[in-house]
Every structure is written in structure tokens, then in C-alpha cells.
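Here's a quick briefing to read alongside the model. Grab your viewer and follow along.

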Amino acid sequence: MDLIKRAILIFGICVYSSTPILSNSFLQEGLAEIPIKFLNLAKKSDLVDYMVKIRRKIHENPELGFEEFETSELIRSELDKMGIFYKHPFGITGVVGFIGSGDTPFVALRADMDALAMQEEVEWEHKSKVPGKMHGCGHDAHVAMLLGAAKMLQEHRNDIKGTIVLVFQPAEEGGAGAKKMLDDGALENVEAIFGLHLSSLHPVGNVASRTGPILAASGFFEAVISGKGGHAAIPQQTIDPILAASNVVVSLQHLVSREADPLDSQVVTVGKFQGGGAYNVIPDSVTIGGTFRAFSKESFEKLKRRIAEVITGQAAVQRCKASVDFTAMGKTFYPVTVNNKDLHKHFQKVAKDMLGAENLQEMQPLMGAEDFSFFAEAIPGYFYFVGMHNETQGKLESSHSPYFTINEDTLPYGAALHASLATRYLLENQPKTITQDKSIHEEL
Ligand SMILES: [Zn+2]
Ligand SMILES: [Zn+2]
């Protein structure tokens with residue numbers, strides 16, 4: 001479209017609409033109405049049924065990180081049905097869809113697709129059909145909510161003043177799928193990204209978030225402590241790695257208690273301790289492993305360095321050798337998830353318009369980690385939690401529990417938040433060229 005045509009179009013919009021950038025009936029009543037309208041649409045029974053059906057289908061067929069082939073296929077076939085253009089693959093199974101003008105600005109919405117390697121213990125009609133695999137973190141619902149949002153947004157594609165990018169990513173659970181998506185160019189041209197996670201702790205109709213760091217940086221370590229095995233009754237002829245490893249575990253606990261600023265939250269946990277098999281044998285070696293968390297790059301790097309030093313140094317005190325591996329089982333470091341402060345303001349406005357100020361909760365940072373952090377490191381990002389607790393339905397088990405369940409009543413909230421955050425972001429962040437176009441018109 002040439003500049004004059006655009007200028008005339010914009011002039012028309014300015015004259016005939018009370019809110020200058022709103023272009024038709026859906027948006028005519030103003031920005032504050034958009035979240036309410038999306039929530040009403042998301043609560044309509046056909047859309048609820050659609051999301052529930054998708055969620056249950058994915059739940060029955062959980063796939064682990066980078067193996068989400070059928071989930072990815074399902075997403076693509078749904079996007080096809082909606083007439084939404086997409087690109088595939090990113091990060092092996094990832095899908096990126098586009099709704100809107102195809103023009104700037106670009107804003108992204110993210111859903112993760114992977115399940116966990118655990119056995120579902122919940123007996124219900126749509127229980128996981130794959131032994132040892134379960135959607136125990138709610139990513140099945142995350143996909144359903146983003147598809148629900150996509151449906152609403154596509155129906156109102158003419159109201160979208162820019163492009164909404166749907167990011168369906170693989171391998172959030174330890175595989176850093178987000179990083180692979182980024183490396184494959186999934187966020188090309190995108191200037192902001194929003195992501196959500198279900199929360200068993202917050203009530204349905206509530207959201208929780210904060211500005212700045214919200215989730216910790218996380219890393220894993222594994223160490224092999226080697227001595228010299230032998231008879232348990234003749235310890236003087238052995239070098240005991242069990243004693244050395246035990247001292248290593250104790251010494252690691254001093255990193256947080258004695259070396260870290262008490263006001264700078266950090267965690268070091270040894271969750272794996274394997275060695276020996278008989279009561280009367282001192283083994284040759286012991287393997288220990290664990291995780292560490294921190295809320296700043298500096299604290300995280302310091303912890304990592306000191307974990308290696310303490311393991312090798314403390315093992316040497318007992319005459320053992322130690323090797324430390326920070327990439328065991330293909331584990332990757334996740335950076336701190338930092339919420340952008342301008343997007344926080346945007347989120348607060350939109351969520352308040354939809355749910356009321358009393359249903360917005362400011363939360364404490366969590367020591368958990370998310371690979372959304374890679375997106376939020378690359379461009380301004382915002383991550384928030386959507387409540388699903390309902391007192392009358394009893395307590396929900398936490399994510400990663402084999403008894404984890406989802407309150408499907410929360411699906412419309414997630415879908416409506418996705419749609420509203422993106423639609424309003426675009427309306428409120430129009431490129432400066434439009435203002436220039438307007439001035440061109442005024443000169444005409
Ligand atoms: Zn998880
Ligand atoms: Zn999760």
C-alpha cells in the first residue's frame with residue numbers, strides 16, 4: 001500500500017472511530033473492552049469444548065522433548081483447519097504460526113508441547129496411553145489454550161494491527177527447546193513474547209506474576225568420586241569413596257549457607273548418590289548428582305565454579321579423585337527468567353481489565369526454572385501463572401506429581417489472556433511510521 005492510500009485509510013479511521021486505531025465493531029468500544037470480549041468468546045461452549053477435546057487428546061498421547069511428532073502434527077492440522085499460515089519445523093518438532101497483517105509489529109505467544117518421563121497414577125477416561133510418559137506439567141493444556149486463542153484471533157484477524165506469532169515449542173523439561181527454536185529463527189522480527197504456565201496454587205480466574213526475575217537460573221552436575229575398593233573390615237588398604245562423597249555432600253551445603261549473600265536466594269541440592277552394593281565391600285567409586293539454582297548470572301557462575309572446586313578439593317582430602325560434569329544426560333543451563341518491566345505494566349492493565357484488580361497477584365520469585373528464559377533473554381519477554389485451584393473441587397496435586405490433574409475450567413482464561421495481551425500489545429505499540437503517515441496526510 002502506498003503512503004497516500006495508507007494516509008487516507010488512517011484518516012478515515014481517525015474520523016470515524018472514537019478511539020483512533022480501532023477499526024471495526026469488535027474493537028470499537030475501546031481497549032479496556034478487548035480482554036472482556038475475548039474472555040466471553042473463550043467461555044463460549046463451542047470453544048471450551050474444542051480446547052478440552054484437544055487437551056485430552058494430547059494428554060492421552062504424551063511425547064517427550066524433541067519427540068513431539070504427533071503433537072506437532074495435531075497442531076499443524078488444527079492451524080490448517082483455521083487457515084493459519086505456519087512454518088515448520090523449528091527445533092525438530094516446533095511450529096510457528098502467523099495471524100494478522102504479516103506486517104510489523106510482531107508479538108509472540110508461546111506454548112510448550114512436551115510431557116514428562118513418569119507414570120500417570122490418575123485413573124480417568126483420558127489417562128495417558130503411553131506407559132512411563134505423562135503430561136504432568138500441564139503442557140497439554142498450554143497447547144490447547146494457545147490453539148483456542150488462535151481460533152479467536154483468526155476470527156478477528158482483520159482487527160489485528162500487526163502480526164501475532166504462535167510459538168509451539170518442544171522440550172521445555174530440561175531439553176532447552178526454546179533455545180533450539182531461537183537458534184532456528186523462530187523469533188525473527190518479533191519484538192515481545194508472552195508465555196504462561198498453569199498454577200495449582202492460585203484460584204481459577206486469578207493470575208500471578210511479578211516484574212524482574214521470576215524464575216531461577218538452573219544447572220545440573222554429576223560427579224564421579226573414585227577411590228580404591230576393598231574389604232570393609234580392612235579399610236586401611238582401601239581409599240573409601242563413600243566417606244569422601246559424604247563429605248562432599250556436606251561441604252556443598254556450605255556454599256549457600258556460608259558463601260552466598262543470605263538475601264540472594266540460591267539452592268544446591270544433591271539428589272543422586274549411588275555407590276556400593278554390599279554391606280562389607282568398599283566400592284571403587286561413587287556417583288553423585290544434583291542441581292543448583294540462583295537469581296543472577298554472577299551468583300550462578302560462582303556456584304558452578306565453587307561446586308567443581310569443592311567436589312574435587314573435598315574428594316582430595318580423602319585421597320580420592322573426582323571428575324565433575326555439568327552436561328550429564330544432555331542437560332543444559334537455563335538462564336534466569338526475567339520479566340520485562342514495560343510488559344509487566346502491559347500485563348497488569350490487560351489482566352485487570354479482564355479479571356479485576358483483586359484477581360491479580362504479585363508473586364515471590366520461584367526457585368523453579370523455565371526455558372522461556374532463553375526467549376526473554378533474546379527479546380523483551382513476560383511469563384505469568386494462570387490459577388486453576390477451585391476450593392469446591394478439592395486440592396490439586398502439584399505439577400510433576402503422578403497424581404497431577406488439571407482444572408479444565410481454567411482453559412478459557414489462558415486463551416483469553418493470550419489473545420488479549422497480543423491484540424492490545426499491537427494496538428498500543430504501532431510503529432512510528434504511522435504517525436509519520438498521519439503527518440503526511442495533514443500536509444495534504
Ligand atoms: Zn514441568
Ligand atoms: Zn511446565
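**The quick version**

Histidine 197 counts as buried, because it has 22 C-beta neighbours inside 10 Å and the cut-off for buried is 20 or more. That residue sits in strand 5 (residues 190-203). Keep in mind that this is a predicted model. Overall, the protein has 12 helices and 16 strands, and buried residues make up 44% of its 444 residues.

**Overall layout**

- Taken along the principal axes, the C-alpha atoms fill a box of roughly 95 × 50 × 40 Å.
- Looking at contacts in the protein with a separation of 6 or more, 79% come from residues 24 or more positions apart.

**The listed binding site**

- UniProt, in an unreviewed entry, lists Cys137, His139, His197 and His400 under "binding site".
- These residues are spread over 264 residues of sequence, yet they cluster in space, with a largest C-alpha distance of 13.2 Å.
- Histidine 400 is in the loop between strand 16 (381-389) and helix 11.
- Is histidine 400 buried or partly exposed? With 13 other C-beta atoms within 10 Å, histidine 400 is partly exposed, whereas histidine 197 counts as buried.
- Leaving aside residues up to four places away in sequence, histidine 400 touches Leu116, Gly136 and Cys137; Cys137 is also on the UniProt list for the binding site.

- Eight strands make an open sheet with mixed pairing, and their order is 1-2-4-3-5-16-6-15.
- Strand 1 (85-90) and strand 15 (360-362) are at the edges with a single partner strand each, so one side of each has no neighbour in the sheet.
- Ignoring direction, neighbouring strands of this sheet are turned by 25° against each other on average.
- Helix 4 (residues 69-82) lies across strand 1, strand 2 (94-100) and strand 4, and runs at about 15° to strand 2.

- Strand 3 (residues 106-112) pairs with strand 4 (residues 163-169) in the parallel sense, over seven bridges.
- Along that pairing, alanine 108 stands opposite valine 165, and alanine 111 stands opposite phenylalanine 168.
- Seven of the seven residues of strand 3 are buried, so the strand is largely enclosed by the rest of the structure.
- In a regular strand, side chains alternate between the two faces of the sheet.
- In strand 3, Phe106, Ala108, Arg110 and Asp112 point one way, while Val107, Leu109 and Ala111 point the other way, and all are buried.
- Phenylalanine 98 is in strand 2; with 16 C-beta neighbours inside 10 Å, this residue counts as partly exposed.
- Which residues does phenylalanine 98 touch, not counting those up to four places away in sequence? They are Phe85, Tyr86, Thr163 and Val165.

- A second open sheet, of four strands, has antiparallel pairing and the order 10-12-8-13.
- Strand 10 (266-274) and strand 13 (321-325) are its edges, each with a single partner strand, so one side of each is left without a neighbour in the sheet.
- The twist averages 20° from one strand to the next.
- Strand 10 and strand 12 (residues 285-294) run antiparallel and are joined by eight bridges, with valine 270 standing opposite glycine 290.
- Helix 7 (residues 241-259) lies across strand 8 (217-226), strand 10 and strand 12, running at about 165° to strand 10.
- Helix 8 (residues 297-317) also packs on the sheet, where it touches strand 8, strand 10, strand 12 and strand 13, and its direction makes about 155° with that of strand 13.
- An unreviewed UniProt entry lists residues 222-312 as "domain: Peptidase M20 dimerisation".
- That span is 38% helix and 31% strand, and its end C-alpha atoms lie 12 Å apart.

**One helix pair to check**

- Helix 3 (residues 45-60) and helix 11 (residues 411-428) pack at an angle of about 105°, with axes 10 Å apart.
- Helix 3 and helix 11 are therefore roughly perpendicular to each other.
- Val48, Met51, Val52 and Arg55 of helix 3 make the contact with Leu411, Pro412 and Ala415 of helix 11.
- By residue type, this contact has six nonpolar, no polar and one charged.

Note on methods:
Residues are numbered from 1 along each chain as its sequence is written. Chains are lettered from A and ligands numbered from 1 in the order in which they are written. This is a predicted model: local features need pLDDT of at least 70, side-chain atom pairs count only at pLDDT 80 or more; totals for chains, interfaces and linings use all residues. Axes are lines fitted to C-alpha atoms, for helices over the stretch in contact, and angles run from 0 to 180 degrees between N-to-C directions. Helices (H or I, at least four residues) and strands (E, at least two) are DSSP runs, numbered from the N terminus. Angles under 35 degrees count as roughly parallel, over 145 as roughly antiparallel, 65 to 115 as roughly perpendicular and the rest as oblique. Two residues are in contact if their C-beta atoms, placed from the backbone, lie within 7 Å. Ala, Val, Leu, Ile, Met, Phe, Trp, Tyr, Cys and Pro count as nonpolar, Asp, Glu, Lys and Arg as charged, and the others, Gly among them, as polar. Two strands pair if DSSP finds at least two bridges between them. UniProt positions are given in the numbering used here, feature names are shortened, and annotations may be inferred rather than shown by experiment. A residue is buried if 20 or more other C-beta atoms lie within 10 Å of its own, exposed if 12 or fewer, and partly exposed in between; C-beta atoms are placed from the backbone.
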